[in-house]
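Trainee: I would like to learn how to read the way parts of a fold pack together. Could we go through an example step by step?

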Amino acid sequence: MKFFIDTANLDEIREANDLGILDGVTTNPSLMAKEGITGAQNILNHYVEICKIVDGPVSAEVISTDFDGMIKEGEELAKLHANIVVKIPMIPEGIKAIKYFASKGIKTNCTLVFSAGQALLAAKAGATYISPFLGRLDDISYDGLELIAQIRTIYDNYLFDTEILAASVRHPMHIIHCAEIGADVMTGPLKAIKALANHPLTDKGLEQFLADYAKGNQ
Ligand code: E4P
């Protein structure tokens with residue numbers, strides 16, 4: 001499973017990249033705003049900065065909700081760097097835009113996916129990735145993991161190339177369950193990624209090994 005980090009924070013992206021396990025980055029307008037990145041040119045520059053850190057797909061979201069606007073914005077984003085993936089919302093105009101970008105060889109990430117029907121449409125349009133929002137479904141008492149499993153079955157039934165990018169991941173167990181189901185990619189916060197490494201028996205065992213070494217090598 002590929003690991004993407006879901007942030008626009010350059011320090012966090014660097015830290016995850018330095019771990020050596022990072023495959024890409026996802027951002028969204030809320031994450032950009034959280035970092036205080038505003039203004040069209042600053043936003044474009046920020047994507048370039050992210051691409052300089054990580055050698056992998058970087059999702060950059062369009063703001064337009066009409067076909068022409070999405071195409072104009074998406075083409076501008078795609079020109080920034082070869083690793084840019086144009087993030088398009090799951091709306092009818094978005095499906096048309098995904099189809100257009102697929103015909104031009106521009107990669108897309110269909111975002112705000114909350115149902116199997118939406119995932120099916122995005123795959124038929126030729127999306128490179130679809131992002132089912134796991135955590136946001138769990139937040140309203142729907143089973144986000146069940147949706148990801150349903151999409152996995154549908155894509156496997158028809159050999160769709162579209163990759164399932166489990167998004168809105170909140171904690172390490174989400175990541176583990178997504179890996180069990182067979183999500184192609186997960187995107188989550190640095191905290192959830194780092195938490196995968198934690199185990200009290202690892203800490204206790206290491207402490208013991210170091211203490212025993214110290215005793216014998218004084
Ligand atoms: C995905 O690409 C989205 O940016 C993100 O995962 C949304 O996560 P949230 O529900 O934690 O805001």
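This is a predicted model: local features need pLDDT of at least 70, side-chain atom pairs count only at pLDDT 80 or more; totals for chains, interfaces and linings use all residues.

Trainee: How near do the axes of helix 6 and helix 8 come, and at what angle do they cross?

Mentor: Helix 6 spans residues 116-125 and helix 8 spans residues 144-158; their axes come within 9 Å and cross at roughly 40°.

Trainee: Which residues make the contact between helix 6 and helix 8?

Mentor: Helix 6 contributes Ala116, Ala119, Leu120 and Ala123. From helix 8 come Leu147, Gln150, Ile151, Ile154 and Tyr155. Sorted by class, this contact of helix 6 with helix 8 has eight nonpolar residues, one polar and no charged.

Trainee: Let us take another pair. How do helix 4 and helix 5 cross?

Mentor: The axes of helix 4 (residues 67-80) and helix 5 (residues 92-103) cross at roughly 40° and come within 9 Å. Helix 4 is therefore oblique to helix 5. The crossing of helix 4 with helix 5 is right-handed.

Trainee: Which residues of helix 4 and helix 5 make that contact?

Mentor: On the side of helix 4 they are Phe67, Met70, Ile71 and Gly74. On the side of helix 5 they are Glu93, Gly94, Lys96, Ala97, Tyr100 and Phe101. The classes in the contact of helix 4 with helix 5 are six nonpolar, two polar and two charged residues.

Trainee: Which residues of helix 1 and helix 3 meet?

Mentor: Leu10, Ile13, Arg14 and Asn17 of helix 1 meet Glu49, Ile50 and Ile53 of helix 3. This contact of helix 1 with helix 3 divides into four nonpolar, one polar and two charged residues.

Trainee: Now the strands. How many strands close into a barrel, and in what order?

Mentor: Follow the pairing from strand to strand. Eight strands close into a barrel in the order 1-2-3-4-5-6-7-8, with parallel pairing. On average, neighbouring strands of this sheet are turned by 30° against each other, direction ignored.

Trainee: How many bridges join strand 4 to strand 5?

Mentor: Strand 4 (residues 84-89) and strand 5 (residues 108-113) run parallel and are joined by four bridges. Val86 stands opposite Thr108 in strand 5.

Trainee: Which residues surround the ligand?

Mentor: They are Asp6, Thr26, Asn28, Thr111, Ser131, Phe133, Gly135, Arg136, Ala167, Ser168 and Thr187. By class, the shell around the ligand has two nonpolar, seven polar and two charged residues.

Terms used: Residues are numbered from 1 along each chain as its sequence is written. Axes are lines fitted to C-alpha atoms, for helices over the stretch in contact, and angles run from 0 to 180 degrees between N-to-C directions. Helices (H or I, at least four residues) and strands (E, at least two) are DSSP runs, numbered from the N terminus. Angles under 35 degrees count as roughly parallel, over 145 as roughly antiparallel, 65 to 115 as roughly perpendicular and the rest as oblique. A crossing is left-handed if the near helix is turned anticlockwise from the far one by less than a right angle, and right-handed if clockwise. Two residues are in contact if their C-beta atoms, placed from the backbone, lie within 7 Å. Ala, Val, Leu, Ile, Met, Phe, Trp, Tyr, Cys and Pro count as nonpolar, Asp, Glu, Lys and Arg as charged, and the others, Gly among them, as polar. Two strands pair if DSSP finds at least two bridges between them. A residue is near a molecule or strand if its C-beta atom, placed from the backbone, lies within 6 Å of it.
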